[in-house]
Amino acid sequence: MVDLSVSLAGLELDNPVIPASGVFGYGQEYKDFYDINVLGSISVKGTTAEPRFGNPTPRIAECKEGMLNSVGLQNPGIAEVVGRCLPELKKIYRKKVILNVSGFSVDEYAYCAAAAEKADNVGIIEVNVSCPNVHDGGMAFGTKPENVLAVTRAVKKASTRPVFVKLSPNVTDITETALAAAEGGADGISLINTLVGMRIDLKTRRPVLAAKSGGFSGPAIFPIALRMVYQVFEAVKLPIMGIGGISSAEDVMEMMLAGATAVQVGAANLVSPTACRDIINDLPRVMKKYSVTKLSDIIGEAHK
C-alpha cells in the first residue's frame, strides 16, 4: 500500500495534485466528469477586488507542446467569489481550497486577502504577483524583489491563512524574488507562472492574440519550471507548489524530487478534463515502479 499524502504548510492533503488557478474555474464545470473530491485541493480562478471582464478576443492561441492565453484576469470580483462562488464550491467539494488573489496595487492584494477571511473553506491564500503594477510604470509586481516583499507583508498582515506567493519566471534570477517572499513572511512558494510568448498569423500577418503577447504554458515549459523549483528549494526553506507543464504521474514525482511538496496541473486540464484524476490514479503504479512507498519521502531527494 502506498501513501500519497503530503502536508502543505499545515494543510493536510490526501495527495499532492491540485488543478492550477485559471483552468478549473470554481469546480462546477468539472463535477460532471468525475468526483472532484479525489483532488488534493483546488486553486480557484484568480480574483481581484472588482469584477473584470478581461482582455478582448482572441485571447487563446495554440502552440506546439503548449498554449498561449491573455485572458486578463476575468473574474466576478472578491465579493462575489466569497459570497457565492466559494459557498457553491463547498457544496460539491468537501476539502479546503486555495484562493488565488491578484491586484494592481499593494492595497488591493491586502483587501482581497482580508475579504477571504469570511470563507471558511479557504485553506491557503495564493498571491499572484505577476500582475501589472499600475503605480510603477506598468511593471509587473513579480519582477522586482522589493515589490514582492511589500505585497507579501501586506497580505500576511491582512490574512490569518497560510500565504503562498506565486512567482513569475520572467526574471533574471528566480531566487531573488523567492527570498523576498520569504523575507516578507510567506508560508510557501508557488512556481512557476506562465512565460511570455506570442504567435503571428501568416495569413493576416498580425499577432494571433488581441493583446499581442500572452502567457505560455504546457509541456514545453516543464524543464524550465523544474529547474526553477530546484533552485528555489535550495534558496528558501519553505514548502513549494510546483507548476508548469505537468501532465503525468512521472512529472509529479520528478517535480517532487526537485523540491515540490505539491504540484498544480494547468494546461493538461484543457486537453483532458479528467487529467488530474488520471494522474492521481496512476501515481500508485509509478510509485511502485520506482520503489516509493511514501510520496512525501522523496521531496527534495534530488538535492541529496
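## Second largest pocket

The second largest pocket has a volume of about 180 Å³. A pocket is an open set of points on a 1 Å grid over the protein atoms alone, where a 1.4 Å probe fits, with protein on both sides within 12 Å along at least five of seven lines. Its volume is the space filled by probe spheres set on the points. It has 14 lining residues, each with an atom within 4 Å of a point. Closest to the centre are G218, P219, A267, A268 and V271. β5 and α7 (268-271) each give two or more residues to this lining. The largest share, three residues, comes from α7.

By class, this lining has eight nonpolar, six polar and no charged residues. Ala, Val, Leu, Ile, Met, Phe, Trp, Tyr, Cys and Pro count as nonpolar, Asp, Glu, Lys and Arg as charged, and the others as polar.

## Basis

This is a predicted model: local features need pLDDT of at least 70, side-chain atom pairs need 80 or more, and totals for chains, interfaces and linings use all residues. Numbering starts from 1 along each chain, and side-chain values use heavy atoms, without hydrogens or water.

## Largest pocket

The largest pocket has a volume of about 1200 Å³. Of its 48 lining residues, N69, V71, N193, T194 and G215 are closest to the centre. The lining divides into 20 nonpolar, 25 polar and three charged residues.

## G66

G66 lies in strand β5 (residues 66-69). Strands are DSSP runs of E, at least two residues; helices are runs of H or I, at least four. G66 touches F216, S217, G218 and P219 (heavy atoms within 4.5 Å), leaving aside residues up to four places away in sequence.
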